[in-house]
Amino acid sequence: MKIHHLNCGTLHAPFVHIDSLVYCLLVESGSRLVLVDTGFGLRDYTQPTPKMRFFLHYMVVPRDPAETALHQVRALGYQAEDVTDIICTHLHIDHAGGLSDFPRANVHIYEKEYQAAQKPRGMMGFAYLPTQWAHGPHWVFHEQRDETWFGLDAIQVLATPETSFYLLPLPGHTPGHCGTAIGSTGNWLLLCGDAASPFHPLTDLHDRGPDAYRLAFFPRKITEGLAGPHASRLKALLTEHAGEIRGISSHDIYSFKEYHRAH
Ligand SMILES: [Zn+2]
């Protein structure tokens, strides 16, 4: 198994103290090439809808095609058609744009998240952009069964001889928001999606010291509201199983830089 850590959209909005990215993963395992979240896609840059144009402007996204998952997959020597599967944490505008760049892939989604995206409600509902899946992806819907992963509700969505892939329902950020766990015994990578936020010490997965949070702009209540109720439980899990599970979140530029410094 090899996991590539991709930035599929730089978010640099100094006026709200956000200096971040959209964290995606590309996993090579056996006959599978699996993308976890897709960030912004080519069409988001070339034919942005008014909502996307607003979002790109507001978050000061550089609109660099080289940051799309498609370009990064190609740079690694693959073609779009080689991506067999996509796993979605949720379908927000900054996570689902690349779906249309991989029309042949099976797209694994928690059924509740798909339903939530069809009938968006509230502030978080505004962050869905249905044109991102208007091409009709090969959806593979997953429902919760009686399965757990380290005590969290879990749905195994894929497995190769060496790697298991789980969706972990962590509702709050959106009604069907999920984390994703990838790996095997003793060696797991947990992408918490937006259920943890690096923008405030109380919702971050990691204790990074006060310097890291000079960027913390949103008050605790807002950050918790955006991330949902799971951050402290996830943090406790990572502390208890340090060495077995590495934890990251979708906008965690610190972990992304750490990973690339080490590799
Ligand atoms: Zn989101």
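A: Start with the cover over helix α7. The buried residues of α7 are covered by, among others, α6 (220–227) and β13 (245–248). These names follow a rule: helices (H or I, at least four residues) and strands (E, at least two) are DSSP runs, numbered from the N terminus. Everything here comes from a predicted model, where local features need pLDDT of at least 70, side-chain atom pairs count only at pLDDT 80 or more, and totals for chains, interfaces and linings use all residues. Numbering starts from 1 along each chain, as its sequence is written.

Which residues of α7 are buried? In α7 (residues 231–240) they are A231, L234, L237 and L238. They span an arc of only 125° around the axis, so they sit on the same side of α7. The arc is taken from the directions that run from the helix axis to the C-beta atoms. On the other side of α7, A236 and E240 are exposed. Buried means that 20 or more other C-beta atoms lie within 10 Å of a residue's own, exposed means 12 or fewer, and partly exposed is in between; the C-beta atoms are placed from the backbone. In soluble globular proteins, nonpolar side chains tend to be buried together.

Now follow β13 into its sheet. Five strands make an open sheet with mixed pairing, in the order β9-β10-β11-β12-β13. β9 and β13 are at the edges with a single partner strand each, so one side of each has no neighbour in the sheet. From one strand to the next, the twist averages 20°. Axes are lines fitted to C-alpha atoms, for helices over the stretch in contact, and angles run from 0 to 180 degrees between N-to-C directions. Two strands pair if DSSP finds at least two bridges between them.

L158 has F165 in β10 as its bridge partner. Next, β10 pairs with β11 (residues 178–184), antiparallel, over six bridges. There P169 stands opposite C178 in β11.

The protein also has an open sheet of six strands, in the order β1-β2-β3-β4-β5-β6, and its pairing is mixed. Its edge strands, β1 (2–13) and β6 (138–142), each pair on one side only. Here the twist averages 25° from one strand to the next. β5 (residues 106–110) and β6 run parallel over five bridges. I109 stands opposite F141 in β6. Helix α4 (residues 111–118) lies across β5 and β6, at about 90° to β5.

What does H108 touch? H108 is in strand β5. Leaving out residues up to four places away in sequence, it touches D85, I86, I87, C88, V140, H142, V157, L158 and L167. Such a contact means that two C-beta atoms, placed from the backbone, lie within 7 Å. H108 has 23 other C-beta atoms within 10 Å, so it is buried.

I86 turns up again in the core. The largest nonpolar core has 66 residues, and C24, L35 and I86 have the most contacts inside it. Strand β2 (residues 18–29) gives the largest share, seven residues. A nonpolar core is a set of buried Ala, Val, Leu, Ile, Met, Phe, Trp, Tyr and Cys residues joined through C-beta atoms within 7 Å. Setting aside neighbours within four places in sequence, C24 is in contact with L6, C8, L35, V36, D37, T38, G39 and A69.

V60 has a positive phi of about 50° and is not a glycine. R63, not a glycine either, has a positive phi of about 55°. Most residues other than glycine have a negative phi. V60 lies in the loop between α2 (50–58) and α3 (69–75), and R63 is in the loop between α2 and α3 as well. V60 has 16 C-beta neighbours inside 10 Å, so it counts as partly exposed.

Finally, zoom out. The protein has eight helices and 13 strands. Of its 263 residues, 46% count as buried. Its C-alpha trace spans about 45 × 45 × 40 Å along the principal axes.
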